[in-house]
Amino acid sequence: MMFYLLCAALCLSVLFVVTAGATALCLLVARSLSLRFENLKPRTAANWLFAIRLLPVFTACVVAFGFVLPAFLKLEPRSTAEGMSLKLATLALAGATLIVTVAMRIARSLQATAQVEGDWRRRSHELHMTGFSSPLYCVEGAFPFLAVTGLLRPRVYLGRPVVELLSPAEMQAALAHEMAHVRSFDNLKQLLLKSLRWPGAFDSLIGGFSTWVHASEAAADEEAVAAGAMALDLSSALVKMGRIARGNIPTPQILASQFTPYAAASSLPARIARLERLLEDGPPVVKVRPLGNGTIFALSLAAGILAYAAGINAILPWIHDALELLVR
Amino acid sequence: MWWFKRQPGSAGSERPALERLGNLESELMEQIWLLEEVCVRDLHSKLAPRLAYTTIMTTLDRLYKKGLLRRRKVGKAYVYFPALSEKEYQGRLTEHFIGLALNGGKFGHAVLSSFVNAVTETDEEMLDRLDLLVKAKQKILRRTESER
């Protein structure tokens, strides 16, 4: 029993220590890079911001469950007489708190989204639009909105006023913007970012969640135009929607990407600046790369797994020795 | 979206509380929408012995305080009638939840509203600028098309 208790405490402690250490490191790196984000392409900036946010927890999970857990299970005698030190217990508690907090945030976001979507669905009917394959619903009522929900399978909701307000070309452009979010899994990223946000003032040190929102919104506009939507139609749709949605306050909790996301700090200035550039310069030039992002990711993952499998046995004793520092 | 939250002591006023009803409240509301006017005794005769007289009375009083029912006294008893139709309620409920989703609601914080007001004013100016550019581009596009 003590063996498994120690094992769990060690994993939780390492999870906390690595998360805290990596977060501090990311913060330093991000601070030095933050001024350069606005010079990057919107999607690149959004991806960097996402990676910086995710990296500490990802690293901590790899270290805790990929190295510490096997080292302990393989090299620690089952009949250990070691007790749990106060230091280890405190760090384990902090690790457990971290996991519970993230789990609660995820549950809260999913619950809020399900609740809102359920209510939209009750008052909506499905629309069919030529060339648009995702489920599309028109929600009755006077509230103007256009939103996409779903982490992996998108569902698009349109308020009745939006259907009446936008011309077919503007509607196509607005939907192309939303589909750009879908292709980038922005709702899933949103869930992770909201769940892994840093405490208090730390969160805003590199611009916080809103910086990612601004970048991903501008990126979705650019990708919509690159996918064939007219910048003119997209801009016109944004002007119309922006005006009727004026005065509304957004929520960061629901997992829906909105066409006019009035976040605590609005994304509209960034989007408008980008659209003005697109209107003046024309559609962005899409560089054809020999390998897509998915292929690069899969190859990197495969290389990582191979390296892990090849080297794990050699480094487990070192890790086990290092763990003694935490246990005692 | 101020009207979604009722002030205490304003029972029976014009704006009902648009919150999700409990199972019992929903069941009673459905009965009242069906019957149009009811007293506690009417509902009890339909729902007894599953629901106690006092349970129905308390729930109707709660719905009245939420502004979903109105009532008038007939003899010693109250007669309850809906403050809004089922369709109106569903409609407002949907808008309420859209409002919650897009505008904060129970997720929002009071600080946000004033901050966003300031931001939206700035946005409005930028939207005007973009609108001017869009109109200019559309004009050029129309001219080009007519020249062809």
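This is a predicted model: local features need pLDDT of at least 70, side-chain atom pairs count only at pLDDT 80 or more; totals for chains, interfaces and linings use all residues.
Reader: Let me start with chain B. How many helices and strands does chain B have?

Author: Chain B has five helices and three strands. Along the sequence they follow the pattern α-β-α-α-β-β-α-α.

Reader: How do I read a sheet?

Author: Start with the pairing. Strands of a sheet pair through backbone hydrogen bonds, either parallel or antiparallel. In chain B, three strands form an open sheet in the order 1-3-2, with antiparallel pairing. Strand 1 (38-39) and strand 2 (69-74) of chain B are the edge strands, and each pairs on one side only.

Reader: How many bridges join strand 1 to strand 3 of chain B?

Author: Two bridges join them, and the two strands run antiparallel. Strand 3 of chain B covers residues 77-82. Take B:Cys39 as an example: its bridge partner in strand 3 of chain B is B:Val79.

Reader: Which strands does helix 1 of chain B touch?

Author: Helix 1 (residues 23-35) of chain B packs on the sheet and touches strand 1, strand 2 and strand 3 of chain B. The direction of helix 1 makes about 85 degrees with that of strand 3 of chain B.

Reader: Now burial. What share of chain B is buried?

Author: Buried residues are 39% of the 148 residues in chain B. Look at B:Val40, in helix 2 (residues 40-47) of chain B. The cut-off for buried is under 20% relative accessible area. B:Val40 has 7% relative accessibility, so it counts as buried.

Reader: Which residues is B:Val40 in contact with, leaving aside its neighbours within four places in sequence?

Author: Its contacts include B:Tyr53, B:Ile56, B:Met57 and B:Leu60. B:Tyr78 and B:Tyr80 are also in contact with B:Val40. For the whole chain, take contacts with a separation of 6 or more: residues 24 or more positions apart account for 53% of them in chain B.

Reader: And chain A? Is A:Ala30 buried or exposed?

Author: A:Ala30 has a relative accessible area of 0%, so it is buried. A:Ala30 lies in helix 1 (residues 2-37) of chain A. For a sense of distance, the C-alpha atoms of A:Ala30 and A:Arg121 are separated by 40 Å. Those two residues are 91 residues apart along the chain.

Reader: How many residues of strand 4 of chain A are buried?

Author: Five of its five residues, 155-159, are buried. Both faces are covered. A:Arg155, A:Tyr157 and A:Gly159 are on one side, with A:Val156 and A:Leu158 on the other.

Reader: Which strands pair with strand 4 of chain A?

Author: Strand 2 (residues 136-139) of chain A pairs with strand 4 in the parallel sense, over four bridges. Here A:Val139 has A:Gly159 as its bridge partner. Strand 3 (residues 146-149) of chain A is joined to strand 4 by four bridges too, and these two run antiparallel. In that pairing A:Leu146 stands opposite A:Leu158.

Reader: What should I look for in the backbone angles?

Author: Look for exceptions. Most residues other than glycine have a negative phi, and most peptide bonds are trans. A:Phe185 has a positive phi near 55 degrees and is not a glycine. A:Phe185 lies in the loop between helix 5 and helix 6 of chain A. At 41% relative accessibility, A:Phe185 counts as partly exposed. B:Glu36 has a positive phi of about 75 degrees, again in a residue that is not a glycine. The place of B:Glu36 is the loop between helix 1 and strand 1 of chain B. With 56% relative accessibility, B:Glu36 counts as exposed.

Reader: Where is the cis peptide bond?

Author: The bond from B:Ala48 to B:Pro49 is cis, with omega near 5 degrees. B:Pro49 sits in the loop between helix 2 and helix 3 (53-65) of chain B.

Reader: Last, how do I find empty space inside?

Author: Rolling a probe the size of a water molecule over the atoms shows where empty space is left. This structure holds three cavities of 30 Å³ or more. The second largest cavity has a volume of about 70 Å³. Eleven residues line it, and the closest to its centre are A:Gly150, A:Leu151, A:His181, A:Val182 and A:Asn187. Helix 5 (168-183) and helix 6 (186-195) of chain A each give two or more residues to the lining.

Reader: What is the lining of the second largest cavity by class?

Author: The lining has six nonpolar, four polar and one charged residues.

Definitions and conventions: Residues are numbered from 1 along each chain as its sequence is written. Chains are lettered from A and ligands numbered from 1 in the order in which they are written. Side-chain values use heavy atoms; hydrogens and water are left out. On a 1 Å grid over the protein atoms alone, a cavity is a set of points where a 1.4 Å probe fits but cannot get out, and a pocket is an open set with protein on both sides within 12 Å along at least five of seven lines; lining residues have an atom within 4 Å of a point. Grid points are joined across faces, edges and corners, and a volume is the space filled by probe spheres set on the points. Ala, Val, Leu, Ile, Met, Phe, Trp, Tyr, Cys and Pro count as nonpolar, Asp, Glu, Lys and Arg as charged, and the others, Gly among them, as polar. Two strands pair if DSSP finds at least two bridges between them. Contact means heavy atoms within 4.5 Å. Axes are lines fitted to C-alpha atoms, for helices over the stretch in contact, and angles run from 0 to 180 degrees between N-to-C directions. Buried means under 20% relative accessible area, exposed over 50%, partly exposed in between (1.4 Å probe, protein chains only).
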